[in-house]
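Biologist: I would like to go through this model with you, one question at a time. Could we begin with the terms we will need?

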Amino acid sequence: MTVNTVDFLATVPLFRSLAATEVAAFSQLVREKSYPKGSVILFEDDPGDSLFVVRSGRVKVVLVAEDGREVILGILGVGEHFGELSLIDDQPRSAHVVAMEDSSLLVLRREDFKRRVEQNPAVAWALLIELSHRLRRADDKIGSLVLLDVPGRIARVLVDAATEAGSELLDKPLTHQTIANVIGASRETVSRAMRDFVEAGWITTERRRIRLTDRAALEKRSQQRL
């Protein structure tokens, strides 16, 4: 057990509502693994036997169509996790997970998690709360894809990214292709919309970084339904 791991887990939504002694117990069960940029962490249909928590870097959760098209279901950063469904149903993975940059992950095996749940039901309740949050976010994303046009979806992605970063400056690369894969559009369509946003004074771009200069306008655009 290291103090750093305990302190880190205490900031992760899945664990932060637990007592300090419970967090310390989990810190003894996780193991850390490193993945270079571009490496596949999980393949769709792999056995689901572990939960992963991003300690450093970023990963993307993706589906790949038969023609090679990639659809990004989510981009996860430090403190976020994936694979939590496998802690419950022990079913195969539902998507690929790929490292977008050099990343370090904490891995918790299903068997170890199950033992902690049996000893402390509060752990199960914490997982249920996190699953409900994930489901609500999924509902919001589905609603955006159905009810918004492409510029509206892009505005939603930018506002959400700024909210998660806690800053108007999106320092992590968010390429036009990545945005296109998130919202189900072509890169060319995204590029045109982003140029329109720049001309309108809503965003500025420099060295692959995006700054929201008129967040209110972007939020309004993200609420204009078809």
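Modeller: On a 1 Å grid over the protein atoms alone, a pocket is an open set of points with protein on both sides within 12 Å along at least five of seven lines, and its lining residues have an atom within 4 Å of a point. The model is a predicted one, in which local features need pLDDT of at least 70 and side-chain atom pairs count only at pLDDT 80 or more, whereas totals for chains, interfaces and linings use all residues. Residues are numbered from 1 along each chain as its sequence is written, and side-chain values use heavy atoms, with hydrogens and water left out.

Biologist: How much space lies in the second largest pocket?

Modeller: The lining of this pocket includes Lys37, Arg58, Lys60, Glu101 and Arg208, together with Val98, Ala99 and Met100. A volume here is the space filled by probe spheres set on the grid points, which are joined across faces, edges and corners. For the second largest pocket, that space is about 220 Å³.

Biologist: Why is H7 largely enclosed by the rest of the structure, and how many of its residues are buried?

Modeller: Buried means under 20% relative accessible area, exposed over 50%, and partly exposed in between (1.4 Å probe, protein chains only). In H7, Thr178, Ile179, Ala180, Asn181, Val182 and Ile183 are buried, and the buried residues pack against strand S5 (70-76), helix H5 (121-147), H6 and H8. H7 is largely enclosed because its buried residues number 6 of 8.

Biologist: How far apart in space are Val182 and Glu70, C-alpha to C-alpha?

Modeller: Val182 lies in helix H7 and is buried, with a relative accessible area of 17%. Neighbours within four places aside, Val182 is in contact with Ile72, Ile75, Lys141, Leu145 and Val157. Although Val182 and Glu70 are 112 residues apart in sequence, their C-alpha distance is 8.8 Å.

Biologist: Which backbone nitrogen does the side chain of His96 reach?

Modeller: His96 lies in strand S7 (residues 96-99) and is buried, with a relative accessible area of 17%. A polar contact is a pair of N or O atoms within 3.5 Å; within protein, one must be able to donate a hydrogen and the other to accept it, and residues adjacent in sequence count only if both atoms are side-chain atoms. At 3.1 Å, the side chain of His96 reaches the backbone nitrogen of Glu44.

Biologist: What is the relative accessibility of Arg207?

Modeller: Arg207 lies in the loop between strand S10 (203-206) and S11, and has a positive phi of about 50° although it is not a glycine. Most residues other than glycine have a negative phi. Arg207 counts as exposed, with a relative accessibility of 81%.

Biologist: How far from a polar atom of the side chain of Thr213 does the backbone oxygen of Gly201 lie?

Modeller: Thr213 is placed in the loop between S11 and H9 and, at 40% relative accessibility, counts as partly exposed. Thr213 and Gly201 are 12 residues apart in sequence and 6.7 Å apart in space, C-alpha to C-alpha. Between the backbone oxygen of Gly201 and the polar side-chain atom of Thr213, the distance is 2.7 Å.

Terms used:
1 Å grid on protein atoms, 1.4 Å probe; cavity = no way out; pocket = protein on both sides within 12 Å on 5 of 7 lines; lining within 4 Å. Helix = DSSP H or I, 4+ residues; strand = E, 2+ residues; numbered from the N terminus. Contact = heavy atoms within 4.5 Å.
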